Amino acid sequence: MKLVARRALIAAALSLPAFAALAAPLTMGFSQVGAESEWRTANTASIKSAAKEAGITLKFADAQQKQENQVKAIRSFIAQKVDVIAFSPVVESGWDTVLKEAQKAGIPVILTDRAVKVSDPSLYVTFIGSDFVEEGRKAARWLLERAAKTPGAALNIVELQGTVGSAPAIDRKKGFEEILKTNPKLQIIRSQSGEFTRAKGKEVMESFLKQRDKKIDVLYAHNDDMAIGAIQAIEEAGLKPGKDIVIISIDGVRGAFEAMKAGKLNVTVECNPLLGPQLMQLAKDVVAKKPVDKRITVIEGVFPAEVAAKELPNRKY
Ligand code: AHR
C-alpha cells in the first residue's frame with residue numbers, strides 16, 4: 001500500500017469513536033452512602049486514591065444517607081454520559097427505575113459494598129463487597145464459643161441494628177440469628193436501629209439501659225461506631241463495658257482496636273472498606289467488556305480483644 005493511502009487509513013481510524021474512547025481517560029460516577037462511620041471514611045479515601053492511581057476521572061457524590069440523593073446523583077451521571085457508574089446503595093430496594101435508565105443509556109453499573117434487590121439482575125454488571133450474612137454468623141459463633149465456657153447459663157442480648165432497610169443491617173441480623181438459634185439460652189431481648197452512627201448508637205443504648213426489667217449481658221452492634229457510642233452510654237450508666245456487658249461489633253476499624261486494647265470491647269468482625277483498587281480494575285474490565293464475576297467477595301477475619309494490641313499497628317483503617 002502506498003504511504004499516502006496508509007496515512008489516510010490511519011487518520012480515518014483514529015477519528016472513529018472507539019479510538020477516541022481508548023485515548024480518553026475513563027470517567028466513573030460514584031455515589032457514596034455518606035460519612036456515617038469510620039468505615040465509610042476509609043472506604044471513601046480508598047476509592048478516591050485508587051481512582052487517582054488508576055488514572056480514572058472520578059465524579060464523587062455524597063448521598064448523606066438518603067436514597068433520593070443517590071437516585072439524583074445516578075441521573076446526573078447518566079446526563080453527563082460517564083463511562084461507568086458505581087455506587088454503594090443506602091438501602092436494598094427501590095432501584096429498578098433508575099437502573100433501567102442507566103441500562104437504556106448504555107452505561108454499565110457496578111455495585112460496591114452493599115447489594116440491591118432488583119427484578120432483573122442484568123441491571124447491574126457486578127457486585128464487589130463483603131458477605132454480611134457471614135459476618136453476622138461469625139459474630140454469633142464467637143458468642144456461642146464464649147457461652148460454651150459456662151454451659152447452661154442464660155444470656156440476654158441487645159442488638160443495635162444498622163440503617164433500616166440496608167443490606168448490612170438485614171444480613172448481619174439474619175446471619176447472627178441463624179447461628180444463635182442453636183442455643184435457646186441466648187436470647188435477643190431488644191433490637192433497634194442505631195443508624196450506623198456513634199451518636200445514635202449511644203442514644204439507643206441509653207434507652208436500652210433505662211428499661212430495667214431485664215439485665216443486659218451482651219451487646220451485638222452491627223458496626224464499631226455504634227458500639228463505641230454504646231460504650232459511652234454504658235460507662236455513663238456506671239457499668240464496665242467489655243466486663244459487665246460483653247460487646248461484639250463489626251468492621252474492625254482502628255477505633256475498635258483501641259477500645260479492645262482498653263478492655264472495653266470484646267471482639268470485632270472484620271468488614272474491609274479498602275475496595276478502591278479492586279473497584280478501579282473492575283471498572284476498566286467492565287468498560288472494556290471483559291467477562292467479570294457477578295459477585296466478588298472480600299476475605300475477612302475475626303479479631304478478639306486478646307489480639308488487639310498486637311494487631312493495632314498493622315491496621316490500615
Ligand atoms: O456497608 C458497610 C457498613 O456501612 C459498615 O459496616 C458501616 O460501618 C457502614 O456505615
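A: Begin with the polar contact, which is a pair of N or O atoms within 3.5 Å. Keep in mind that this is a predicted model. In the case here, an N or O atom in the side chain of Asn223 is 2.9 Å from an oxygen atom of the ligand. The side chain of Arg114 has an N or O atom 2.8 Å from a ligand oxygen, and a polar side-chain atom of Asp251 lies 2.6 Å from an oxygen atom of the ligand.

Q: How much of the ligand's accessible area does the protein cover?

A: The ligand on its own has 280 Å² of accessible area, and the protein covers 100% of it. The ligand sits in the largest cavity.

Q: Which elements give two or more residues to the shell around the ligand?

A: These are helix 3 (38–54) and helix 7 (167–180). The residues that surround the ligand include Trp39, Arg40, Pro168 and Arg172. By class, the shell has six charged, four nonpolar and two polar residues.

Q: How do I read an aromatic pair, and how many does the whole structure have?

A: Two rings pair if their centres lie within 6.5 Å, and planes under 30 degrees apart count as stacked. A search of the whole structure finds four aromatic pairs. One of them is the stacked pair of Phe176 and Tyr220, with 3.8 Å centre to centre and 15 degrees between the planes.

Q: What does the pair of Phe176 and Tyr220 tie together?

A: Phe176 belongs to helix 7 and Tyr220 to strand 8 (residues 218–221), so the pair ties together parts that are 44 residues apart in sequence.

How values were computed
Residues are numbered from 1 along each chain as its sequence is written. This is a predicted model: local features need pLDDT of at least 70, side-chain atom pairs count only at pLDDT 80 or more; totals for chains, interfaces and linings use all residues. Side-chain values use heavy atoms; hydrogens and water are left out. A residue is near a molecule or strand if one of its heavy atoms lies within 4 Å of it. A polar contact is a pair of N or O atoms within 3.5 Å; within protein, one must be able to donate a hydrogen and the other to accept it, and residues adjacent in sequence count only if both atoms are side-chain atoms. Accessible areas come from the Shrake-Rupley method with a 1.4 Å probe; for residues, only the protein chains shown count as cover. On a 1 Å grid over the protein atoms alone, a cavity is a set of points where a 1.4 Å probe fits but cannot get out, and a pocket is an open set with protein on both sides within 12 Å along at least five of seven lines; lining residues have an atom within 4 Å of a point. A molecule sits in a cavity or pocket if more than half of its atoms lie within 2 Å of its grid points. Helices (H or I, at least four residues) and strands (E, at least two) are DSSP runs, numbered from the N terminus. Ala, Val, Leu, Ile, Met, Phe, Trp, Tyr, Cys and Pro count as nonpolar, Asp, Glu, Lys and Arg as charged, and the others, Gly among them, as polar. Rings of Phe, Tyr and Trp (its six-membered ring) pair if their centres lie within 6.5 Å; planes under 30 degrees apart count as stacked, over 60 as edge-to-face and the rest as tilted.
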